[in-house]
Amino acid sequence: QMGRMGAWQIELPSMANRRSDEVRAIHEVGPDFNPDEADLISYYDPEEHPRLQKFFGDCMTEGTPFDKEFRFITAKGTRLWVRVMGEAVRDERGNIIRVQGALQDIDEKYRMRQETFALAERLKRTLETITEGFITLDREWRITFVNPAAEVLMLKTPEEVLGRSIWDVYPGLEQTVFGKA
């Protein structure tokens, strides 16, 4: 419950399905919730239907597992992001007899990730427009960012330096005040 994740199963070929209490909670439905195949897909944003059908179809026919994120609409109209994981179960002859998996409400995590990406993009745009040379280094002293002003000062293009150690880009730098700091 704390992870907002529940289990589901779809028997083949009958398409009979079972849902855990947590899956029903994510759907915002009661304990008697027992949707048919058409009802199941209706909980996903209509734009997601082709992707969803492809991943489920490939899992049911080829046994291809999946772990994907989808836009979801609950029975009460709440829009959120979910993670759907699925895998095929085979009988002793290798025939796929069931698809099973998990449904997880990742809405808060997804929105936080989107906010982080947006913040990082704003920061990057800001750093690219400042007139002072600015670079960033990771813990191994590899150059991870170079703004246009730093490119001019360094006399090197980002392609020449990104991912490389500053000590390799500028041999002898470790003997300077910067290298000894």
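This is a predicted model: local features need pLDDT of at least 70, side-chain atom pairs count only at pLDDT 80 or more; totals for chains, interfaces and linings use all residues.

Biologist: Okay, and what share of the residues counts as buried?

Modeller: Of the 181 residues in the protein, 36% count as buried.

Biologist: How does the radius of gyration sit against that of a compact globule?

Modeller: The protein has 25 Å, whereas a compact globule of 181 residues would have a radius of gyration near 16 Å. Along its principal axes, the C-alpha trace spans about 70 × 40 × 30 Å.

Biologist: How many helices and strands are there?

Modeller: Eight helices and seven strands. As for contacts between residues at least 6 apart in sequence, 39% of them join residues at least 24 apart.

Biologist: Let's go inside. Which residues of the largest nonpolar core touch the most other members?

Modeller: That would be W8, Y44, V82, V84 and L103, out of 24 residues in that core.

Biologist: And which elements each supply at least two residues of it?

Modeller: On the helix side there are α1 (21–27), α2 (37–42) and α3 (49–62). On the strand side there are β1 (5–11), β3 (66–73), β4 (79–90) and β5 (96–105). The largest share, four residues, comes from α3.

Biologist: What else is there apart from that core?

Modeller: Another core lies apart from it, with nine residues, including V146, M154, V161 and L173.

Biologist: Back to L103. What is it in contact with, leaving aside neighbours within four places in sequence?

Modeller: Quite a list: R4, M5, G6, W8, V23, I26, H27, Y44, V82, R83 and V84.

Biologist: I see V23 in there. Where does V23 lie, and is it buried or exposed?

Modeller: V23 lies in helix α1. V23 counts as buried because its relative accessible area is 1%, and the cut-off for buried is under 20%. Not counting residues up to four places away in sequence, V23 touches G6, A7 and L103.

Biologist: How far is V23 from E108?

Modeller: Their C-alpha atoms are separated by 17 Å, and the two residues are 85 apart along the chain.

Biologist: Now α3. What is F55 in contact with, leaving aside its neighbours within four places in sequence?

Modeller: F55, which lies in helix α3, is in contact with F66, K68 and F70. The C-alpha atoms of F55 and G86 are separated by 8.7 Å, and those two are 31 residues apart along the chain.

Biologist: What about E11? How far apart are E11 and R98 in space?

Modeller: They're 4.5 Å apart, C-alpha to C-alpha, while in sequence they're 87 residues apart. E11 is in strand β1. Not counting residues up to four places away in sequence, E11 touches A16, R18, I97 and R98.

Biologist: Let's switch to loops. Where is the cis peptide bond?

Modeller: It joins L12 and P13, with omega about 5°. P13 lies in the loop between β1 and β2 (17–19). M15 is in the loop between β1 and β2 too, and M15 has a positive phi of about 70° although it is not a glycine.

Biologist: What is the phi of L155?

Modeller: Positive, about 60°, and L155 is not a glycine either. L155 is in the loop between α5 (148–154) and α6 (158–161).

Biologist: Why does L155 count as exposed?

Modeller: Because its relative accessible area is 75%, and exposed means over 50%.

Biologist: And F33, buried or exposed?

Modeller: F33 is in the loop between α1 and α2. With a relative accessible area of 11%, F33 is buried, because the cut-off is under 20%. Leaving aside neighbours within four places in sequence, F33 is in contact with R19, R24, H27 and Y43.

Methods
Residues are numbered from 1 along each chain as its sequence is written. Side-chain values use heavy atoms; hydrogens and water are left out. A nonpolar core is a set of buried Ala, Val, Leu, Ile, Met, Phe, Trp, Tyr and Cys residues joined through side-chain atoms within 4.5 Å. Buried means under 20% relative accessible area, exposed over 50%, partly exposed in between (1.4 Å probe, protein chains only). Contact means heavy atoms within 4.5 Å. The radius of gyration is taken over C-alpha atoms; the globule rule is 2.2 Å times the number of residues to the power 0.38.
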